[in-house]
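Dear colleague,

Please find below the structure that I am handing over to you.

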Amino acid sequence: MSKISESKYKNFKADREKFPKMENGKPVIDLDSHKFTKIWQGPQHPGVTGNMSMEITLNGDEIVDAKTHVGYLHRGFEKLLERRKYIQGFTIVCRICVPEPDTNEYCYSAAVEELSGIEIPEKAKWIRTLNLEMSRIASFLMWIGGQAGSLGMGIIGQWTVSMRDFWLDLFEEISGGRIYHMYIIPGGVRKDLPKGFKDRARNLVTKTRKLLSDVERTFFNNSIIKSRLKGLGIITPEMVDEYGIVGPNARGSGKEYDVRQNTPYLKYNELDLNMLTATGGDAYTRAELRYQEMHQSLDLITQILDKIPEDGDIQAKIPNVINWKIPAGQTYIKAESTRGEHGFYVVSDGSKFPRRVFNRGASYTHAISVLEKLAVNTSISDLAGLMVSLHTCPPEIER
Amino acid sequence: MDKKNIKEIEKEMKLANKGLSEKEKTLFSDARPKTVRPLNKYLEKFLNWARAESLWILGFGTGCGAIELRPLMTARYDMFRYGIAPRPTPRQSCVFVIGGYASMKTIKRIVRSYEQMQGPKFVIALGSCTINGGMYYDSYNTINRIDHYIPVDIYIAGCMPRPESLIAGFDKLKEKIKANECDGMNKYVENFDWYKKNQKRVIKDWNMPDYNW
Amino acid sequence: MKQLLNRIKDKIEIEFLKQRDDLYFINVEEKHIIFLLSYLKEQEEFTHLSFLQAVDYNEYNMFQLTYMLYNYETKVNLGIKVIIDREKSEMTSIHKLWPHAWQFQRELHELYGINFPGSPRVNESFVLEGWEEIPPMRRDFDTKKYSEKTFYQRPGRYTKNPKDYMKEKLYKNFVEPPKIRRKDDE
């Protein structure tokens, strides 16, 4: 704090009488007293990530109570999957999470393969790993644009979202779709990598590295960004278990939990990656951690491109998909998305249709319990920044 | 419709100022929406040209279609060069982009946002799920046809529609506006009771005024 | 892991199933569930609750609840399966062990109609608004029928049998071979 503000606020005492009284851990808010204002942020609001809303009670511009409302994107996926055959489910599962559909595809197909006992070929495993890492970097690029945009720095979004577009072009090359790929199917992947793909991908990695160094100079060294993000939304290490926090949010508080390393899937045990953690737990730490993870993803992509074998099968033999019956059983497959542990719990009863498919997204707790807790005592102008710094994604909450 | 009939219908309707004191009643309008007819043919032509070249869209990402609006807004596709800009509130915007499927909770907000928008207003619906339900045709929580609840000017098919097709859709909308074919607002007013009946059929807990502008 | 299962077996009756090296399932009776969960959380460091979900077995008139726990030290997932009665559909709340469990319980209350007495905000709406039918995730709720009844279908949507359609489209002059019964044919 500068000298002027110190002298000005030296004798300043917050008027705690204005604050609501606490009873049984809940604030008692009397709206008729005209001390508080109740407003809705969202669903029609530019500062909300996706289509969700916060019902907040304000005292001045300080939030005293917050409640998340979700369900604006509920499509009943789990009910629809009960009516679809296993192979028909693949068009549906990728639509659960819009910015990062590949994790869903991988988890669902890995669950189907495990239950039916299919082993996929080596090359398919490598391509799947590449695909997952590419979707991670694309999602991170969009996130950092949102984080800067929520604090009024629109230029970062202009740069990174257009860079993400070039990654989407690569996806289009291998799968034919920009957003939804439906590339990972049971037994492997749909198509081989096209000719010259590796060179183009390496080129793009270099380009993205260059962009990221620009982002570091403008975003992480900006004094306004620093002063607004530091100390915002602190997640303490005790909260991590209590609230089921995963991913970069947990790692920013010093918890060593990364699914890629704790329980390596696909080819992650053959790659060189180390656990990135930080202490501090505030929004700025999380932003820095995610920035490092972007570099880690780019590093992994170069490693994978070097290691992908040229020849080999990309698809294992699977039975006739129209009458495909999967033996009874249940399993839980998890993978690391940008937001953390992303899991699919699939229960089969031996028929053509799954009995139950449940998708556990990381935002499920981040956007409801955690956000409601962290939003209290912050300013309303920081709420959008806090929401983005938790990297909430509404479609995976309500499915 | 004669005057008596309208009054009878209004009695059944829930008005914005219902239950308020006489003093507060004047704060909210309870007039039915009216059809707007152009005053002058030549002036209207000029106005249509002006409207078509500055389309301000409402920043309400109602579904997954909103994800392709981001690339459209940023440097690569850059919709600002077509005179299209996102606006934060319904009061300032004239194009409503319905981004894909609308769940029951969202359709309620869509109706409210649409009614709050000032005329002339246009609607673009993205994705196959707004046309006939798409892959969510049997879902219990998404509507199948958006044009039964609000009037639609342009449909852009696909799942997701690419940014290029979005630009093509906006171009088509411009052509239609210039040719004076986008009359969705008047259509909504003329078939007001039909639209309300449809909306009330899916929105089970109707706890808002029937029209609120 | 085997030692852990033996330690639990000393205390209560369980059946276990190994799915993978890092995923085990335990079947346990309803009355032991709170004891088992608090034992695993406090003593065995299964501190992360991944999810709590239900599976509907309507033909056997029961719900199966699955609590998925994770241990950061041994890196093992443990799924605990409990069978509860479908008619009564009531379960003890675990919001005191994991504060975020109220979210899962609220979801189950709304989508399955399972009651968790004492759980905070369990009666609030989660994803549905003004729902009048039976809870939608129960298997006896027919979503297609409901959709046809409530929403307006655009005419022109029809379903083709993939077998006949492929035959008609690709092999127009195809002569049907004598029928051979295959194993996965119905």
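This is a predicted model: local features need pLDDT of at least 70, side-chain atom pairs count only at pLDDT 80 or more; totals for chains, interfaces and linings use all residues.

Contact of chains A and B

Chain B and chain A each bring 29 residues to their contact. On the side of chain B that touches chain A, two elements give two or more residues: helix H4 (69-73) and helix H5 (104-116) of chain B. The most comes from H5(B), with four residues. By residue class, this side of chain B divides into eleven nonpolar, eleven polar and seven charged residues.

Contact of chains A and C

Here 30 residues of chain C meet 33 residues of chain A. At least two residues each of the side of chain C that touches chain A are supplied by strand S3 (48-57), strand S4 (62-71) and strand S5 (76-85) of chain C. S3(C) gives the most, six residues. This side of chain C is made up of 14 nonpolar, eleven polar and five charged residues.

Domains of chain A

Chain A is assigned domain 1 (3-69) and domain 2 (85-398). Their centres, taken over C-alpha atoms, are 33 Å apart. The contact involves 18 residues from domain 1 and 21 residues from domain 2. On the side of domain 1 that touches domain 2, strand S4 (53-59) and strand S5 (62-69) of chain A are the elements that give two or more residues. S5(A) has the largest share, with seven residues. This side of domain 1 comprises eight nonpolar, six polar and four charged residues.

With kind regards

Methods
Residues are numbered from 1 along each chain as its sequence is written. Chains are lettered from A and ligands numbered from 1 in the order in which they are written. Two residues are in contact if their C-beta atoms, placed from the backbone, lie within 7 Å. Ala, Val, Leu, Ile, Met, Phe, Trp, Tyr, Cys and Pro count as nonpolar, Asp, Glu, Lys and Arg as charged, and the others, Gly among them, as polar. Domain bounds come from an automatic or database domain assignment.
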